[in-house]
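Student: Could you walk me through how to read helix packing, chain contacts and cores in a model like this one?

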Amino acid sequence: MADTQSDFGTFEELALPLFARLYNFAHWLTQDRSEAEDLVQETCMKALKGFGSFRQGTNFRAWIYRILKNTFLTSRAGLRAATVSLEDDEAAPVEPIASGTPESILISSSDQRTIQAALDELPVQYREVILLCDVEEMSYQEIAETLAIPIGTVMSRLSRGRKTMRELLSEASIRRACK
Amino acid sequence: MTCGEIHGKLAPYVDSELSASELAEFESHLRGCATCAAEALELLQTKRAIRAAATRYVPSPEFRLRMEQSMRSRSKRRWFEMRFPGLALAAVAAVLLIASVTLLLNRTGRERELTEIADLHVTALASSNPVDVISTDKHTVKPWFAGKLPFSFNLPELQGSGFTLAGGRVAYFEHSSGAQLIFDLRKHQLSVFIFKEEPRELTFPEGTVTSTRLAFQMETWREGGLRYFIVSDAPASDVHALGELLRKAARS
């Protein structure tokens, strides 16, 4: 273990470049600045403590995001979010999108605030998978590692989360049209 | 591929999860099917829009600084312990030995005082108003301290040195007020503290000492009845260079 540490850099070299992104993700999960700061700080301290057990060649990003996610689950914000339950993840096909034309959704998606409000409304289990996929650009495999769920669940959560996003965006565009 | 099969691959397509052969088949279908092409485009646009809108929260500069400093110091310590467990033990022994010598020499207060000075530096930088007088002009900063401190001091000539003055504030140390000046050098910030040297204060050695405690470089010396401290995360050579400029100014 001791010999491998020098081959792939110090903890600081690996973690600092991810700092701003970890914070963005933490803020989306907790929806609060000071809780996000506490979450990132605790994550970094835990990661640093466990850095000796991190194996070279494995995915550092998935590893540290997983620590963040697990830390979040036991935080106040995480416990609040956990009370919102989802439909069965593995439940079969996602129904076709009922409302909203691609055009109306496109118009809504051009408005950043509308998207941010829709993301805020999404259950956290959908929000995190969309953030990891669309913002962090993680592969399904990486997301599965980060969230410790099967790839199939990653895909079904993504699909349901996106469907809910589309519904929220098209509702927003209808609301705007009625004004 | 049929439209139904395409529909099932829309998400893997926008998420770049299709294999090369699947991608070729998928794209050839899109070229001939306006409905599927419109759906794929919409998904792709939404994905991009989410990416832009969700890159929203930025850590505050104070939080970033706090984390960088804490990671840097802890990371260095852990790296050292992991690489050289034997040496780390020896280092602990050496520290203990030095500590006991320090005790014998009745200098217990020194490390505590150095830590306190480092804390003053960190507190100022973490504050949303690190300086009370904001100016790069020494002719503005020096008069600002007049009447606020029981002494006066000279500010160094910085032209061509790479250092710039960011400003100053009044700092308190051991129940007396002194000056804190903040200088910038590249990405580093350096705090200079100037206090009146009390005759009882013999805990710091005469001349210059450098301490890497808390991952900061420190230098302290006395000159003309005043005690100077420099604290920074900048390299020791830069800290020393600023010290030289201040010593030169004090003598002029």
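**Packing, contacts and cores**

Tutor: Let's start with a helix pair: H7(A) and H10(A) pack with their axes 9 Å apart, at an angle of about 130 degrees. This is a predicted model, where local features need pLDDT of at least 70, side-chain atom pairs count only at pLDDT 80 or more, and totals for chains, interfaces and linings use all residues. Residues are numbered from 1 along each chain as its sequence is written, and chains are lettered from A in the order in which they are written.

Student: How are H7(A) and H10(A) oriented to each other?

Tutor: Two packed helices are described by the angle between their axes and the distance between the axes. Axes are lines fitted to C-alpha atoms, for helices over the stretch in contact, and angles run from 0 to 180 degrees between N-to-C directions. Helices are DSSP runs (H or I, at least four residues), numbered from the N terminus. Under 35 degrees is roughly parallel, over 145 roughly antiparallel, 65 to 115 roughly perpendicular and the rest oblique. H7(A) and H10(A) are therefore oblique.

Student: Which hand does the crossing of H7(A) and H10(A) have, and which residues make the contact?

Tutor: A crossing is right-handed if the near helix is turned clockwise from the far one by less than a right angle, left-handed if anticlockwise. This one is right-handed. Contact asks for C-beta atoms, placed from the backbone, within 7 Å. H7(A) brings A:Thr114, A:Ala118 and A:Glu121, while H10(A) brings A:Met165, A:Leu168, A:Leu169 and A:Ala172.

Student: What about H1(B) and H2(B): at what angle do they pack?

Tutor: Helix H1 (residues 3–14) of chain B and helix H2 (residues 20–32) of chain B pack at about 115 degrees, axes 11 Å apart. H1(B) passes H2(B) in a left-handed crossing. B:Ile6, B:Lys9 and B:Tyr13 of H1(B) meet B:Glu22, B:Phe26 and B:His29 of H2(B).

Student: How many residues does each chain put into the contact between chains?

Tutor: Chain A gives 40 residues and chain B gives 32. On the side of chain A that touches chain B, H2(A) has the largest share, six residues.

Student: And which residues touch the most other members of the largest nonpolar core?

Tutor: A nonpolar core joins buried Ala, Val, Leu, Ile, Met, Phe, Trp, Tyr and Cys residues through C-beta atoms within 7 Å; buried means 20 or more other C-beta atoms within 10 Å of a residue's own. Of the 49 residues here, A:Ala26, A:Leu68, A:Ala118, A:Val129, A:Ile130 and A:Ile143 touch the most other members. H8(A) gives the largest share of this core, eight residues.

Notes
Helices (H or I, at least four residues) and strands (E, at least two) are DSSP runs, numbered from the N terminus. Two residues are in contact if their C-beta atoms, placed from the backbone, lie within 7 Å. A residue is buried if 20 or more other C-beta atoms lie within 10 Å of its own, exposed if 12 or fewer, and partly exposed in between; C-beta atoms are placed from the backbone.
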